[in-house]
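Hi everyone, thanks for coming.

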Amino acid sequence: MALTGRRLEVDRIATLAVLPRESAMVVVGDPGSGRSSVLDAVSNRVSLPVVRVGVNGSESRWPLAGVTSLFTALDDPRATAHIAHLLQTGETAVPVTAGLAAAHDFLDAVHALTLPPTLVLIDDLDRMDVESQELIAFLAGRLAGTALRVVATVRSVPSDGPLAALPALRIEPLPSDEALILARTMAPEEANDGVLAVLAAETGGNPGALREQLAVLSREQLTGAEPIVLPLRPTPTTEALAALALGSAAGRDLDVLAKLALVPVAKTTAWDRDELDDLVGAGLATVRGQSVTVRDPLVRSSLYWRMPARDRRAAHAALATASAESDPRAAAWHRSFVDDVPDVVALLSAARSYVVDGNVHAAIALTERALHVGGGTEDELVALLGVAEALLGNRLLGFAARYLAALRPFRTTAHEVRRLRLQYSAQYLSGDAVHADELLVSVDATEPADVDAVAGLMAMVACFRAEAWELDQAKDLLHRVEPLEASASPHTLEITTTARELIAAIDGTLPSDTDLHDGLATSVLLAMSDPALLLLAHALSIAERYRSARRVFALVLARGPQTAPVWTEAARYLTAENEVRSGNFRQALRAIDVWEAGSSVVERLREPSRAIAIAWRHFAEGRSADALAVVDRCLEHRSTSRLWGATAKLHALRGRVLLLDGRLEEAAAALEAADAIGRSLRNPAVLRHLGDLVEAYARLGRIDDARTITARLAADHHARPGRWGALVLARSLALVADDTTRDTARRRALELFQPHDSQFERARTFAALATVGNPAERPRLGAAAAAAYEAAGMRRPLVTPAPAAAMPPFGTGPSLRSAPVLSASMPGTPRSAPDASAVLTSLTAEERAVVQKVTEGYRNREIASSLFMSQRTVELRLTQIYRKVGARSRSHLVALLT
């Protein structure tokens, strides 16, 4: 299993291993933080010999037991003699001088071994005997000449301890998104995503505690059929971490903290402020505004469950009375443990208000408590529906889906339509197919409000079907809406209109801008709702009207707090997609960064839209392997097998990355998979895979297949003309042209480009023609491709793989391929692993380390962090490197390395 979320830590330790000088580091992490897993990842990554030293806790009582373990692990015949000498010296030395003498003997013994450069990884050094800790710390500060790089893990480093002087790397708890990814890898496949998100949050990003909780929860709880009891019952890792945290607060009165652990969050007005300040100062509590909570959920878990049940109930009763006026939401929580018939609706109302306030942790705790004590009445289910609605509005999809699954169909039409709207929205936003089987039969609605709700629901599902390229089903749903439009509200009519425009755009028949909403008049657009504007802007983007789409998206984002988070995030993602489609890569990368920084992390890398954006960013920044890893992980997820449109986009992106990496057979297979899914889609500008498939076939020598796809592309383009289709069709015709028409076709493909056209497609055309051109032309075409890629905003210089086979003459089959493979490469297409040996010979070891990070796409701040230097030092090193190798810029430097 791949290590989740510890890339920076592994990078820093691996960098220490390859530095030319001997050095040492202490890796500090709480129990369960994954210290051993980090060392495992490092040992599998570095090329140096690795010596792994484990600690047997039962030997910690034996003096020098740890040192003997180290010498034994070094596997040198002379080590045995040194062990005996050290032990004998320790027995006979005078106590005052024994420590210093043993330390120097130990250091001399290590020098005498004359080892090759070796990385020594010591796990749990603080569990060794005290004498060994002191000797190893003494060695770690005097490693010069030993050829050793020493890395040791500990739970803590006392300020007066022997390890305090060594550089330390702290392993922090996993962020919530990475904890959720880890939970998904460890949990059974049928586990509910909302439940996993709860566990990821309640275990505080501690991998060990998360693993233990997954092991103790029942199958019904993991699948969401039964509620989770919060706070979670403590496990061994929880108790060990709590003991470490509470031990640092020895001598303090922890009664207030124990009472604070009884509630997920409380208002500070109900507590003594001086006592709270003491807890905050000790790092045990957190105050945000007027709210206070126990800082670590694992510490809260330990404190909560160590209190006897009778004492807990009495404390809940007292706190319920004390907070009744000042903090009614906390009072509702406390009363649920005291009242014989808890007020579940009050609990859920409080939970919804917590969601609105942004306190999701407290909202989930109250909702799980309500499920645990509730009776499932209609009023309770309506209140639960409100919680799910608030969660979905804040785009917390996993949590929303978890509580929607706990609902059953309502008797009233209004509530049932509301439930279905939330259910379908959660399915779509999570990347699942929206079947909407409930709409297959006519809905009996007589009240105007019910008719309007049903019409809005069908219009919404029509949009989802259109996004899945199921245009016939989408048109059928809108046809069924027509008889209801007389009773529909203006908002529903607005959504219906923009849904029709989205369908027309995907079908390649969207009217001109002058025929849309009074010529896209600003006054008309400002009066439209957020979802209607997003549908319109998305339709304009699909129809290749990027400037108009950019303007409409900006109107949504400019509304700020007035817009629900779910619409803000949709606008940010669709804005990024619009810039990608337009070829404006610099703006696209900025849009993706803004989207990622401002969006919820609970669902990161889950839905296909996010995976596509992240994979595309990796690809644009030259990290093809990372891009493919993201796409492959998303393709493995079961939901994408049913959402055909998203699955086709993933295959198409995978094929493009592989194609530009020169892995032609794999690229053709991925693009064929995309083509098989999107075959019924007649608008070539939507999926945009046919041009890549033509190029893959042409470079593989499968000229007949390339010409067949080109003919399909021509037919689709002529039926639904567009600028992208014209450019790519011209390139495809140039790739499949015979000897008599090749020069004309190539000239046509290049002359067709206008200044406002996509620089990325221009670069693709230059690079593709270089692969089939004669050797004299390839350097010129390759240089033109590199310049166009740079103009498009690609962050790394690029390399074009040589053609695998010469283009056969017109009319010959693939069997006549016979040209030799060319080994020369030239600028044009991304490659993820450039060969830098020629340039690196003039650089020092420190400069080579910086250059390596540059070629991997690291920014200066990230280089400084991973190489233990300031950002200013990185900038100075880069200046020296530029001067030595004659580079003009960062991109030129990487070009010299390719």
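Let's begin with R465, which forms a salt bridge with E470, their closest N and O atoms being 3.3 Å apart. By salt bridge I mean a side-chain nitrogen of Lys or Arg within 4 Å of a carboxyl oxygen of Asp or Glu. R465 counts as buried at 14% relative accessibility, while E470 counts as partly exposed at 25%. Those words have cut-offs: buried is under 20% relative accessible area, exposed is over 50%, and partly exposed is in between, with a 1.4 Å probe and protein chains only. Salt bridges that share partners also join R656, D692, E695, R699 and R764 into one network.

A word on where this comes from: the model is predicted, so local features need pLDDT of at least 70 and side-chain atom pairs count only at pLDDT 80 or more, while totals for chains, interfaces and linings use all residues. Residues are numbered from 1 along each chain as its sequence is written, and side-chain values use heavy atoms, with hydrogens and water left out.

How many salt bridges does the rule give? The count comes to 46. Another one of them joins E378 and R411, at 3.5 Å from N to O. E378 lies in helix 19 (residues 378-393) and R411 in the loop between helix 20 (397-404) and helix 21 (413-429), so this pair ties together parts that are 33 residues apart in sequence. Helices here are DSSP runs of H or I with at least four residues, numbered from the N terminus. E378 is partly exposed at 24%, whereas R411 is exposed at 74%.

Now compare E9 and R6, whose side chains meet in a salt bridge at 3.6 Å, N to O. Are they buried or exposed? E9 is buried at 10%, and R6 is buried too, at 4%.

D272, D274, E275 and D278 form a negative surface patch. For a patch, residues need over 30% relative accessible area and no salt bridge, and like charges are joined within 9 Å. Among them, D274 sits in helix 13 (residues 273-281) and is exposed, with a relative accessible area of 56%.

Last, the cysteines. A disulfide is a pair of cysteine sulfur atoms within 2.5 Å, and by that rule the count is zero. C463 is buried at 6%, and C634 is buried at 2%.

Definitions and conventions. Patch = residues over 30% accessible without salt bridge, like charges linked within 9 Å, V, L, I, M, F, W, Y side chains within 5 Å. Areas by Shrake-Rupley, 256 points an atom, 1.4 Å probe, with all protein chains shown as cover. Lys, Arg positive; Asp, Glu negative; His and termini not counted. Charge placed at Lys NZ, Arg CZ, Asp CG, Glu CD. Helix = DSSP H or I, 4+ residues; strand = E, 2+ residues; numbered from the N terminus.
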